[in-house]
Amino acid sequence: MTAIADPTKAVARRPFFARPTATTGPWSWFTTVDHKKIGILYGVTAFTFFIVGGLEALLIRSQLVRPNGTILDENLYNQIFTMHGLTMIFFAVMPLSAAFFNYLLPLMIGARDVAFPRLNAFSYWVFLAAGLFLYSSILFEGMPDGGWFNYAPLNIIGPDPLSLAGAGPQIHQARMLYYSMGLQIAGIASLASAVNFIVTILNMRAPGMTLMRMPVFVWMTFVTSFLLLFAMPVIGIALWQLMLSVRWEVPFFDATNGGDPVLWQHMFWLFGHPEVYILILPAFGIVSEILPTFARKPIFGYAAMVFSGIAIGFMGWGVWAHHMFTVGLGPVANTAFALTTMFIAVPTGVKIFNWIGTLWGGQLRFKTPMLFGIGLVAMFTIGGLSGVTHAVVPHDTQQQDTYYVVAHFHYVLFGGAIMGLFGGVYYWWPKIFGWMLDDRLGKVHFWTMLVGFNLTFGPMHILGLNGMPRRIYRYDAGMGWDLWNLVSTVGAFLIAASILVFMRNVASSRRQKVPAGNDPWDARTVEWMTSSPPPPHNFDEVPVITSRDELWHRKYAGDDGEKVPVPAGASQDHGEHGGHEGHGIHMPDPSYFPLIVAAGMPIAAYGTFYEGPGMVILLAIGGAITLFGIFGWVLEPTAE
Amino acid sequence: MATDAYTAKEADVIHPETALGISNPKLGMWVFIGSECLFFGAMISTYLLYVGRTQDGPTPVSIFDIPFTSVSTFILLMSSLAMVLALAAVQAGDMRRFRIWILATALLGATFLSGQFYEFTIFVAEGMKVETSPFTSSFYMLTSFHGLHVAIGVLMLVALWATSMGGRIGPQNSEVVENIGLYWHFVDIVWILIFTVIYLIPVG
């Protein structure tokens, strides 16, 4: 918190639950509650998972490059494509967005930290625990293999037991438990961060930062947090039901005992469709920051941008059954959901046109972040248009479970979310690390990725319309699918090459360390007022906000291009208060307990795998660690 | 807001005022309760979907003992009254009265839990197991998760009482009592909904 306390009071006594104090060195990363360090942790971890998920994608594409591929058998292929989906959604894109939320949100609203710094650290550690838990399935009997949606009744009865030699049912049960408990734990992390960000945005804004002066990125964080807040408990319940179903044969989805497999689909997609907006809205927010900066114009139609984001947040709850048009819900339900799905394209279209309006007539500077921003607008539009075709029920019936759907959601999630997130990486990298990424290599990265991406997923439209089903591990020659599968695989390796260019860029730029300065892009929002990287307390003097694009107005006063530069980092309103340079600003102490509370969860989750004493012991150990952590959390001296 | 007044205040008090004027923990509790609505909403929906699917097992009308559950519902609602009185006491600085009422709240909550446990043992003895039918599965899941929420609430109430014995709770930080009270009242209100949906609306 932003308390300015007398430092002598803080060291009165060291009780049992004393807090660690080190803010540098390796150990400090385990105890940190600084939103910037947590943001970097999120970013590095998520990028690692992104690489893993990408390698899985390369395995899939290598298997499918030619008819009757032999690299993977059907058992392994099912695991690989399931883990590719789970990894990219829950452990790459969502936490990459969380990395930006964490790092930028307090800086953008002029706060010194989030509302609950320890809860923030807790979110990260729980997310990491969930990822490690899910991937620990490799060491045991195989990874989840039911797709990321994991439909009933397949999630109950599993694949043909003969394909899993020997203990088929037990292996299947373990895989489903990894799925349900792993996502359950990841959901706790998302829920905690949603509460944290909502309270931070509502409560921690700098003086003068009214809601309608907040950067669009902050607004999209706000909407995303509400989507997480309401979507996570729904999937949480569904995952508990799945756990009970596979572990204790409770008949939630078992049609032979009165249960309804379609219930799983409803619960999953009631979460799953808001989830896709959880994945894309942060990238929308990032692009809404990048485009005005590099067009040197304010965002076109700020209020329309904000309200269309809110409209997407609301309408996102009324479209889930368009994933289920072929289930047989009946013409009334199908028509209703077809209409809502077409309507939700309207606020999304408003955003696209506003971005174009922002670029229109601007003094465009085609730096790397700008290229990625424009890349999102263009690629997402293609994906959005193919999405509207899904809203047409007869058309969707034709496309269901084909590669056309794979093409669609990769155009919105790769061409949309990943493009936007990489744009954000290039845009805010100088703020986070204090040095620039090389622009030339960045452009190589962008163009390789753009070409590779379109080569990979563009042909999938054709494959899908030619009837190639999803989730098949091989196909016969002579189906007319050979050429486009080959092209698609070439494209996938081109994407991999572009990621290597990015990593090479980071390595070589790190050697050169071209200093960034506070405001390398001549940007508009207040995070560029402080130093790069920002001090632990973010701002020596909390800025007082008088307008949208606060920094821009401080740099260029006057409406007619009359330029009155003001040095970045100095607040013209606060000159008389300046000069304490962070001394006396008390930031929350680091803490062990977020890590400890998180560590108990996967241990308890392993308990569900066993019967009798094994279950009780693991549940007890995990529960005891978590409970100890909670007591320590509550009892340790707090500065929050 | 006048900028000078803001900075002066910030320097004076440990906790600066928040943008909404409501403290972070209290706002966080309200936001969390919003999430809990969907948590219980998902389970109540499942129950409503499955209430008629009793297979060969017991039906709602045949199994529920409405007078018994009405009494335990009354006990849980009275615990909300005790919670209100505990909060009033701590705000007034009357710590003796606070400890009485906070323990009374916890005790009433625990009584409700024992009633639920007793009810479950009767049901199981009459052949209503978790896996008997979709009706029983969704009934046990909904009421057990509610019971878990009550149990966590009781733990927090007892922890409040223990902390107050150490002198760390008083009128100056009565808000922690208020926040736990918010949670407790929410759990009660959810039970009113569950009791109405499961026990009072006759089905089957």
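This briefing walks through chains A and B of one structure, topic by topic. The model is predicted. Chain B has 7 helices and 0 strands. Chain A is assigned domain 1 (1-17 + 24-33 + 588-640) and domain 2 (34-577). The largest nonpolar core has 238 residues.

**Chain B overall**

- Read along the sequence, the pattern of chain B is α-α-α-α-α-α-α.
- The radius of gyration of chain B is 21 Å, while the globule rule gives 17 Å for 204 residues, so chain B is more spread out than a compact globule.
- The C-alpha trace of chain B spans about 70 × 35 × 25 Å along its principal axes.
- Of the 204 residues in chain B, 32% count as buried.

**A buried leucine in chain B**

- L76(B) belongs to helix α4 (residues 66-92) of chain B.
- L76(B) counts as buried because it has 23 C-beta neighbours inside 10 Å, and the cut-off for buried is 20 or more.
- Beyond its neighbours within four places in sequence, L76(B) contacts L108(B), F112(B), D188(B) and W191(B).
- V150(B) is 74 residues from L76(B) in sequence, yet their C-alpha atoms are 9.4 Å apart in space.

**The two domains of chain A**

- The C-alpha centres of domain 1 and domain 2 of chain A are 29 Å apart.
- Where they meet, 20 residues of domain 1 of chain A are in contact with 23 residues of domain 2 of chain A.
- On the domain 1 side of that contact in chain A, helix α18 (residues 593-607) gives the most, with 9 residues.
- The residues on this domain 1 side of chain A divide into 15 nonpolar, 4 polar and 1 charged.

**The nonpolar core**

- Residues with the most contacts inside the largest core are I109(A), V126(A), I198(A), L229(A), M267(A) and A86(B).
- Domain 1 and domain 2 of chain A each supply at least three residues to this core.
- M267(A) touches V234(A), I237(A), A238(A) and A42(B), leaving out residues up to four places away in sequence.

**Helix α7 of chain A**

- Helix α7 (residues 168-203) of chain A has 36 residues, which should span 52 Å at 1.5 Å a residue.
- Of the 36 residues of α7(A), 30 are buried, so α7(A) is largely enclosed by the rest of the structure.

**Backbone features in loops**

- Most residues other than glycine have a negative phi, and most peptide bonds are trans.
- A cis peptide bond joins A152(A) to P153(A), with omega about 0 degrees. P153(A) sits in the loop between α5 (117-135) and α6 (154-157) of chain A.
- From S532(A) to P533(A) the peptide bond is also cis, and omega is near -10 degrees. P533(A) lies in the loop between α16 (482-512) and α17 (550-555) of chain A.
- E249(A) is not a glycine, yet its phi is positive, near 55 degrees. E249(A) falls in the loop between α8 (216-248) and α9 (261-295) of chain A. With 12 other C-beta atoms within 10 Å, E249(A) is exposed.
- Q55(B) is not a glycine either, and its phi is positive at about 50 degrees. Q55(B) is in the loop between α2 (24-50) and α3 (60-63) of chain B. With 15 other C-beta atoms within 10 Å, Q55(B) is partly exposed.

Terms used
Residues numbered from 1 in each chain as written. Chains lettered and ligands numbered in written order. Predicted model: local features only at pLDDT ≥ 70, side-chain atom pairs only at ≥ 80, totals over all residues. Helix = DSSP H or I, 4+ residues; strand = E, 2+ residues; numbered from the N terminus. Contact = placed C-beta atoms within 7 Å. Rg over C-alpha atoms; globule rule 2.2 N^0.38 Å. Domains from an automatic or database assignment. Nonpolar A, V, L, I, M, F, W, Y, C, P; charged D, E, K, R; others polar. Expected span 1.5 Å × (residues − 1). Core = buried A, V, L, I, M, F, W, Y, C linked by C-beta atoms within 7 Å.
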